[in-house]
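I opened the notebook to record a few contacts, going from a helix pair to the chains.

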Amino acid sequence: MKRFEFLIEWALFLCALLSIGTTAGIIIVLAVETFAFLREVPITEFLFGTEWTPLFATPRFGVLPLVAGTMLVSSIAMAVALPMGLLSAVYLSEYADARVRRFVKPVLEILAGVPTVVYGYFALLFVTPLLQQFLPNLAGFNALGPGIVMGIMILPLVSSLSEDAMQAVPRGLREGSYALGATKMQTSLRVVLPAAFSGITAACILAVSRAVGETMIVAIAAGQQPRLTANPMLPIETMTAYIVQVSLGDTPQGTIEYRTIFAVGMLLFLGTFLLNLVSTWLRDRFREEYA
Amino acid sequence: MTHIPYSVRYIPVAVLVITMAGCGQTTNEGGQEEGAPAALITLDGSSTVFPIAEAVAEEFGKANPNMRTPTVGISGTGGGFQKFCRGETDVSNASRPIRPAEIEACQKAGLEYIEVPIAYDGIAIVVNPKNSWANNITVAELKTLWAPEAQGKVTRWNQVRASWPNREIRLFGAGVDSGTYDYFTEATVGKEGASRGDFTSSEDDNVIVQGVASDELALGFLPLAYVEENRERLKIAPVDNGKPDDGAGPITPSAETVRNGSYQPLSRPLFIYVARKAADRPEVQQLVEMFFSRSDLVREVGYIELTPQIYELARKHFADRKVGTAFGEGGSQVGMTLEALLAKER
């Protein structure tokens, strides 16, 4: 019996090792190829150059247009997801009665289960033409449509995690607030929301990290033109969409063009990794203890 | 071009399928492969010609189930000729006539070849159907618009032609890995692979169709066959090359104007070069004959078939084993019809 136990423990350990090994492998591949890339392109040109045309006859390796594209789309997504997600979290946690919540919460979470390729075509073929009714200058590929759709996609992430955080706030705090004569709204916004702050912030940062890494929606609907702009009406290209574009072309392996996708991937990885670290740190740092 | 990357994406699948088919044959039909010693036919070269060659190779494989399906590589026209002149391939696919340096390399190796035209490729300039001003465009204007110097500078319609509106122009074009891009830049800018970099560049032609069809301020270039599939969603801008002798004024691209050589410079013939030695093998003869007789495949994969007369002439040249190239000095010859070239003595 003891031996059996031992075997199981080893099997479990191997499973854990597999995922750690995969992560390590990814980091090593990214690092090796990025290093090879940076031997040919100075890191200052890569990080601060404003033109990204690595596939053309006169290549430029400034990653800023791709970073700007990613930030633009993510900001639009957060502008949609943050207020809507927070408000629906407040409603679900504080106002909705249990029956409504039991019904609405899973429905909201279905949004997160829609395949992103569906969201991509939804942005390209429905949202963008709809927006063009009001904004005639809107290009067919643009940052606005996919940004809004991406916001809808990450909305359940924000609302669900925030609602969990608010639910974790002890009843006593709410009752104390009511006892002092506060209204329901004052209690929700001034007591519960601040008390759940760390959880909500962590949720938001996770949502940002999800938006930054989102690939399919922007690859389909945002265009493929690296452009350093804050104008959401124009075709842009995000870091993820660039990686897709090169992976699908005929770019031969081992060339500098091919290595660009690893360099961009590394930057993307570091970005989301940093966001996740900040999210964890915030959650631990500002956790309110109610014991 | 869409058909290229799609096909390329499926190469691993194709290889797998072929390998599996091969395994199936050896297990199920045993000695049959040993009984059919016909050697594998190898094709390599242009990625533009690839879809046609691949389609023909597939049909050949279907027609000859006991022979191995010919392999089609995509080393590019230049890379294909390098292998071809070293005698590594039987057939070289080319989206331009053989160049003098390549002629020399083949001569040195003592390798003779037969030049066979198989189809035309045309590139159309398209704008949005709501665009009311761009009713035609000149080659000089295309150069202004697409040259590397234009990057970040030529960004409005009225910078291309003063009478066009002072509005932003949004550009779409084939990806830099495609033969369409290479030929477009060579024909307009004057140097292969030289263009501005600030446009939506996609290997997937559907992206370009979608981009132009959904944006009033867009202009793009596309393989002609693609435009014909999307006639209602795009508006074609006829192209004027300023040379009245091959058709005066702006010419609308169509199968007709591409064939008679008046839609210049954005159309070109495509070729296969068959090694003289390989031409004596019956299976190679059968394959080449399929390039002539199955012109429906050419249309199917998005190109324009030659006229029956040219197919007839090409067939005769191949039967007579006429070696060498009709393009004396080599390289692209703009504005010369295939009839005239094929009739030329060499």
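At what angle do helix H1 of chain A and helix H12 of chain A pack, and how far apart are their axes? I kept in mind that this is a predicted model. I took H1(A) as residues 2-40 and H12(A) as residues 256-285. I found an angle of about 120° between them, with the axes 8 Å apart. I noted the crossing of H1(A) past H12(A) as left-handed.

Next I looked up the residues that meet. From H1(A) I listed A:Leu30, A:Glu33, A:Thr34, A:Ala36, A:Phe37 and A:Glu40. Their counterparts in H12(A) are A:Ile256, A:Arg259, A:Thr260, A:Phe262, A:Ala263, A:Gly265, A:Met266 and A:Phe269. I sorted this contact by class and got 8 nonpolar, 3 polar and 3 charged residues.

I then turned to chain B. I found it divided into domain 1, covering 3-120 + 268-343, and domain 2, covering 122-259. Where these two domains touch, domain 1 of chain B gives 13 residues and domain 2 of chain B gives 14. On the domain 1 side of chain B I counted 5 nonpolar, 7 polar and 1 charged residues.

Last, I checked the contact between the chains. I have 19 residues of chain A in contact with 25 residues of chain B.

Notes
Residues numbered from 1 in each chain as written. Chains lettered and ligands numbered in written order. Predicted model: local features only at pLDDT ≥ 70, side-chain atom pairs only at ≥ 80, totals over all residues. Contact = placed C-beta atoms within 7 Å. Domains from an automatic or database assignment. Nonpolar A, V, L, I, M, F, W, Y, C, P; charged D, E, K, R; others polar. Axes fitted to C-alpha atoms, helices over the stretch in contact; angles between N-to-C directions. Helix = DSSP H or I, 4+ residues; strand = E, 2+ residues; numbered from the N terminus. Left-handed = near helix turned anticlockwise from the far one by under 90°.
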